[in-house]
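Here is a friendly note to read with the model open beside you. Take the points in order, and find each residue as you go.

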Amino acid sequence: MTIEEKLRKEIVKYGRLLYERGLNTGIAGNISARVDDDRILITPSGRCKGFLKENEILIVTIKDGKVSGKGKPSIETPMHIAIYEKRKDVGAVIHTHPVYSTVLAVAGITLKAALTPEGSLILGKVPLVPYRTPGTRDLGECVAAMIGNNNACLLEKHGALSVGSNLEEAFLRLETLEFLATIQVHLSHFGEVEELPEEALKAINTKK
Ligand SMILES: [Zn+2]
């Protein structure tokens, strides 16, 4: 099996998992994976990511956005490309609208990843990227600049995004992001809740 064939299967698998785990709904969201230095695979526009077929996933060249395959690639292809251009370590990008992450994003509230040791370890800092029109290069450049070397971000008034060296890593980060967002929203019933103190975070990070 070629790398491309393997990645097509994985995109179908994680598309289904995201849908079944309630991390994505309807036709929303998009998933991509780097095939090599020049090309990515990306999900098609207008399809539910829970029911994708391997041959529906399109190839897009990073340099000039040239598309191979039937149908239209995701409207958010420029955002994925902007990240792959900037981050050579990134092998996969997942963007969806999970409920609690989107609640924070719509309210313009920054996610507190360090509410738990796991959140701090897996996510580090999670920037809140200011609102930009979906599907534009402007959004892509803003996300690529603001995510920096972090593993995930929230998109204001829009949703969530995670990156990883591979699809599994990006998926697990997105799932952790939504878990942290969920507890943050529930904790808001108790008033202001603090993240772990600096000292505790230092102790966790020395265990890495
Ligand atoms: Zn979106």
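1. Let's begin at a histidine. H95 is buried, because its relative accessible area is 1% and buried means under 20% relative accessible area, with exposed over 50% and partly exposed in between (1.4 Å probe, protein chains only). Before going on, please keep in mind that this is a predicted model, where local features need pLDDT of at least 70, side-chain atom pairs count only at pLDDT 80 or more, and totals for chains, interfaces and linings use all residues. Residues are numbered from 1 along each chain as its sequence is written, and side-chain values use heavy atoms, with hydrogens and water left out.

2. Which residues are the protein donors of the zinc ion? They are H95, H97 and H158, each through NE2, lying 2.1 Å from the ion. Donors here are N, O and S atoms within 2.8 Å of the metal (3.2 Å for Na, K and Ca), and since water is not among the atoms, sites may look incomplete. Along the chain, the donors follow the spacing H-x1-H-x60-H. H95 sits in strand β5 (residues 92–96) and H158 in the loop between β7 (152–155) and β8 (159–164), so this pair, 63 residues apart, links distant parts of the chain. Helices (H or I, at least four residues) and strands (E, at least two) are DSSP runs, numbered from the N terminus. H158 is buried too, with a relative accessible area of 11%.

3. That loop between β7 and β8 also holds K157. Its phi is near 55 degrees, a positive value in a residue other than glycine. For background, most residues other than glycine have a negative phi.

4. Now look at the sheet. Eight strands form an open sheet in the order β4-β3-β2-β1-β5-β8-β7-β6, with mixed pairing; two strands pair if DSSP finds at least two bridges between them. β4 (67–68) and β6 (128–129) stand at the edges with a single partner strand each, so one side of each has no neighbour in the sheet. Strand β1 (residues 30–34) and β5 run antiparallel and are joined by four bridges. I31 has I94 as its bridge partner in β5.

5. Helix α6 (residues 167–187) lies across β1, β5, β7 and β8, running at about 145 degrees to β8. Such angles run from 0 to 180 degrees between N-to-C directions, and the axes are lines fitted to C-alpha atoms, for helices over the stretch in contact. F179 lies in α6 and counts as partly exposed, at 42% relative accessibility.

6. What about the interior? The largest nonpolar core has 34 residues, and L154 and L177 are among those with the most contacts inside it. A nonpolar core is a set of buried Ala, Val, Leu, Ile, Met, Phe, Trp, Tyr and Cys residues joined through side-chain atoms within 4.5 Å. α6 gives the most to this core, with eight residues. A second, separate core of 19 residues includes I40, V90, V93 and L139.

7. Finally, is H80 buried or exposed? H80, in helix α2 (residues 77–86), is buried, with a relative accessible area of 0%. Its side chain makes a polar contact with the side chain of N30 (2.7 Å). A polar contact is a pair of N or O atoms within 3.5 Å; within protein, one must be able to donate a hydrogen and the other to accept it, and residues adjacent in sequence count only if both atoms are side-chain atoms.

Key: Contact = heavy atoms within 4.5 Å.
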